[in-house]
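Subject: Structure for your review

Dear colleague,

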Amino acid sequence: MAVRFRYFWLVLLLLGSGAMGRGLRAQGVVDTTLVLPNVMVTATRMQTTTAAASSRVTVIDAAALEASGAQDVAELLAARTGAFLRRYGDGGLATISLRGTGTSQTLVLLDGHRIADPQLGQLDLSLLPTILLESVEVMPGAASPLYGTDALGGVINLRTRRATGRQVRAQGGYGAFDERTGGLLISEKTGPFSGLALVEYAAAEGDYPYLDKGLFPPGEVRREGADRTRLSLYGTLGYTGTRSRLRVGAWYGDAERGLPTLGSSRPRQERQWDEHLRLWADGERRFGWGTLRLGGLVQQSALRYANPFLGLDETGCTRTEAFEAEAQARPGRRWLLAAGLEAGYGRARHPSLAADAAEQHLGAFVHGTGHYGRLLLYPALRFDGYRADTSAVATVNPRLGLNLRLLPDAALHLKASAGRAFRMPTFNDRFWQPGGNPDLAPERGWTYEAGLLWNHGSGEAEATFFLAHFRDQIVWAPTPVGFWAPDNLQRVLSRGLEASYRHRLATTRRFGLDGSLFYTLTHARDRSDPEARAYDQPLRHVPRHQLKGHLDARFGPVRAGLAGRYTGRRYTTTDGSRFLDPHFLLDAHL
C-alpha cells in the first residue's frame, strides 16, 4: 500500500518490549481460558454487575470468545448478541445495527476510547480480530449522556488482552478456498510490570463455486476478485502499584481485499486497502478523597479505493485525538459520584472533501450511583460542544436509570432507564464536494426501556421492552442539478422486545456445557411525512424478528459447538413493496 505511517517504528518498539525482564520459554498450557468476573462498566462507567445495571448489557467473556470460534468481531456479534449484522458478502464490509438504528448510530469503543472513522461515521467490524480481545460488552439504548455523540442505538466496548503472567501461545488454521490464519502471543509479568505482544495474520482467496443463472445455459463458475489479507500487530505495557496503575497500548492493522461484483456481473477488479494505527494510554491514581483517571488515544487511518473500470484510485486519510480526565469520589454513605472533561480533535483528507474538513470537541459530564437499600439510582448529565469550520453546535443530554431488587432473598431485578442521545454529522455529511451541508443539525432522540432480570446461579433470564424516537436523521437524496446532498429529514419510531436466556454448567474441571437463546422483536418505522408512501413503513434492511441460539461443550482438550441464527424478513424499499425472504443459518464447529 502506498500510504505508510511515519511513526510505525513506535509499534515495533512497543511490541519488542513485550517480553520484559527475563527471556520467555514456551510452555505447555492445559487450559488457557481466562474466566472473567461478571463485571462491566459500559452502562454506568463504574464497575458493577450486569444484574445491578440499569439497562440490558451483554458481556462476552474470554471463555465465550474462545468457544465461539469467531475470527473477527463481526462474526462474534452476529452469533452471540441481539445485534443485527449488515455484511456485504463474505470478507466484505461488516457493520452493526442495534434496535433498528443505522450503522453510524452505534458507538464502538476500544478500552473505552472512540475508534469509529470520523469521515464515514462507521467502523468495519470484519477488520477487528477477536484474538486481540479479552471481552466484549454490548449495551443497546441511548448512551450519549455517558459517552457523547453516535450512541443513539447503543455502545459496543472492546476490551483488549492484558498480560496475566508468563505465557507463549500460538494458533493457526487452514480451510477451504485457501483460508489461512495464524497468531502468536507472548506475555510476561515481573513484579508490578507486565507486557504483551501479539501478531495475527489471516488470508483467503474466497473463490468458492456457485451456479450462475445469468449464463446460457446456466453453469457453475468460481467467484472472482474476493481475495483478502489482514495483518495485526498489538502490544501493551503495564504497571500496577499499590495506589496507581498505568497501561499503554498500540495496535497496527493493515488489510487488503478485492471487492467482487454481484451475481453474473462482469468483474471490475475493484480493490480496497485499509490501514490504521492506534496508540492509547490510561492511568489511575487513588487519593484519600477518591480516584483520578486520565486517558487518551491517537488514531490515524488510511483507506484507498481503486476501480479501474471507472478510472478511480483515491486515498482518504483521517486522524483523531482525544483526551479525558475523570475524578470519582464518595461524598457520603449512599452515593458514588464522578465528573470529568473530554477534549478531542478530528481531521480528514480526501480528494472529494473540502480542505477544512476538521472539527474540535469539548465535553463535560457528571454521573453517579446511589444506594437506597434494594434500589440503585444511576443519574447522568453531559454537555458537548462541537466546532467545525464556522459553525458550532452545543447539546445537553440527561439520563436516569434505576435498578430495584424486587425480593430480598431472590435475584429478581427490575431495570428501567430513560435518556436523550445525539449524533453529529460526519465529515462526508458536511464537507463532501459537491453536496456537503455544513449547516446540518445533529440527529437527536429519546430512548426508554424497562425490563426484568432473573439470575439463579448458573442461569440468567432477561426480558426488555424499549421505545425510541429519533428526529432530524440525515438522509442523502438527489438534487435537481444532478448530484446527491444530505439534509435533516427523517423521523423514526422504534419499539420492540429483547428476551434472552443463558445457562452455564460446569460439572467437572474437564467437562463443561454452555448455551443461550436470544430473541429480538423490532418495529422500526418511518414517521417523517404522513403524505409519503414510506410513512409508517418498516425501515429498510431491519429484520422484525431475530432468533439466535448456541450450545458449546468442552471435553478435556476438545471443544464442540453448535449455533443457529434465524433472520426474519427485511424490506429493501422505503414503501415496503420489496423484501428479502427470511433465512436460517446453522453452524457447527469442532
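Which residue in β21 is the bridge partner of G385? The partner is A394.

Please note that this is a predicted model, in which local features need pLDDT of at least 70 and side-chain atom pairs count only at pLDDT 80 or more, while totals for chains, interfaces and linings use all residues. Residues are numbered from 1 along each chain as its sequence is written, and side-chain values use heavy atoms, without hydrogens or water.

**Strands.** Strands here are DSSP runs (E, at least two residues), numbered from the N terminus, and two of them pair if DSSP finds at least two bridges between them. Strand β20 (residues 375–388) runs antiparallel to β19 (residues 358–372), with 11 bridges; A364 stands opposite F383 in β20. The hairpin of β19 and β20 has 2 residues between them, and G373 in the turn has a positive phi of about 65°. Strand β20 is also joined to β21 (residues 391–405) by 14 bridges, again antiparallel. In that hairpin, with 2 residues between the strands, D389 has a positive phi near 60°.

**Cavities.** A cavity is a set of points, on a 1 Å grid over the protein atoms alone, where a 1.4 Å probe fits but cannot get out; lining residues have an atom within 4 Å of a point. The whole structure holds 7 cavities of 30 Å³ or more. The largest cavity has about 170 Å³ of space, and 19 residues line it, with G82, A83, L98, R99 and T520 closest to its centre. Strand β26 gives the largest share of this lining, 3 residues.

Kind regards

How values were computed: Helices (H or I, at least four residues) and strands (E, at least two) are DSSP runs, numbered from the N terminus. On a 1 Å grid over the protein atoms alone, a cavity is a set of points where a 1.4 Å probe fits but cannot get out, and a pocket is an open set with protein on both sides within 12 Å along at least five of seven lines; lining residues have an atom within 4 Å of a point. Grid points are joined across faces, edges and corners, and a volume is the space filled by probe spheres set on the points.
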